[in-house]
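Thanks for making the time this morning. I would like to walk through one model with you, going from the overall fold to a few individual residues, and I will give the cut-offs as we go.

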Amino acid sequence: MREILGEDAYQKHIKARDGAAFQREYQFHLGNFDAIVEDTLRRYPEVDNRSATQKFIDTQRLAEQYMEGVQGLDPEDSWTRGVVGHSLAARGEDPEVVAAVLNPNREPPKPSLADMRDTYAKDKGLAEDRKAMVRIDRTFGRLKDALGKPLEDVSIESIDRQTARSFMDHLLGLKKANGQPLDLKSCQREVIIVAAAYNHAVRELEIPSERNHFERLPWPKEQVRRAIFRQSLCFP
């Protein structure tokens, strides 16, 4: 966002010092900031890395801000929402925002693996730790590769034992720059990260689950794995 807009921060002077006037100005600038972010992400979708759930939340928030700005009409009336929605559509507003204006009670998308990653990083205080995020992004990037689809397209509820085993097998098949396979402990550390994120998501996002499928996987012995790798070099 900083690179696109060329600004390090959103700074506005609030004239009022306290009371209702201060709150009105403060809420206005909060809404204006959200609108700027939403508009920027819409115009530059390639930089939008929000999960489907976060996009839904942001869309609903922006829609309600539009409705709060309605004067002289009942914002809860369906006719009013139809008028506002039509006006927004005519000026090129995001169809998802228009849909949220027309139907404020839409069902949110099921939390995805992207939500699992983001919630874990945020709640554990890792989002601002560059080194930690490099590790998390690498791990979840490998999980994406193992699944063969974007994390946003995989709901947490859909995770099963086969998903976890596919991730394990993918890690065991990776090689380092020198052509050697990743150390078994390195593979296990990556699965531990995903397992921890899964446990956190089940608790915080209220995901129905009877077990953590990433735990107690049937890892091969390191010596056996090395022998299989050496054998593969002899018999390509």
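**An exposed arginine, then the fold**

Let me start with R216, which counts as exposed because its relative accessibility is 79%, where exposed means over 50% relative accessible area, buried means under 20%, and partly exposed lies in between, with a 1.4 Å probe and protein chains only. R216 sits in the loop between helix 9 and helix 10, and its phi is near 55°, a positive value in a residue other than glycine. The loop between helix 9 and helix 10 (222-234) also holds E206, which is not a glycine either and has a positive phi of about 55°; E206 is exposed, with a relative accessible area of 68%.

Before going on, a word on provenance: this is a predicted model, in which local features need pLDDT of at least 70 and side-chain atom pairs count only at pLDDT 80 or more, while totals for chains, interfaces and linings use all residues. Residues are numbered from 1 along each chain as its sequence is written, and side-chain values use heavy atoms, with hydrogens and water left out.

As for the fold, the chain has ten helices and zero strands, where helices (H or I, at least four residues) and strands (E, at least two) are DSSP runs, numbered from the N terminus. Of the 236 residues in the chain, 33% are buried. If we take contact as heavy atoms within 4.5 Å, then among contacts between residues at least 6 apart in sequence, 62% join residues at least 24 apart.

Leaving aside neighbours within four places in sequence, M116 is in contact with F140, I156, V194, A197, Y198 and A201.

A63 brings us to helix 3, where T53, F56, D58, T59, Q60, L62, A63 and M67 are buried. The 17 residues of helix 3 should span 24 Å at 1.5 Å a residue, and the end C-alpha atoms are 24 Å apart, which agrees; the expected span is 1.5 Å times one less than the number of residues.

S112, in the loop between helix 5 (95-102) and helix 6, is buried, with a relative accessible area of 2%, and, not counting residues up to four places away in sequence, S112 touches S51, L151, E152, V154, S155 and I156. L73, by contrast, lies in the loop between helix 3 (52-68) and helix 4 (78-90) and counts as partly exposed, at 39% relative accessibility.
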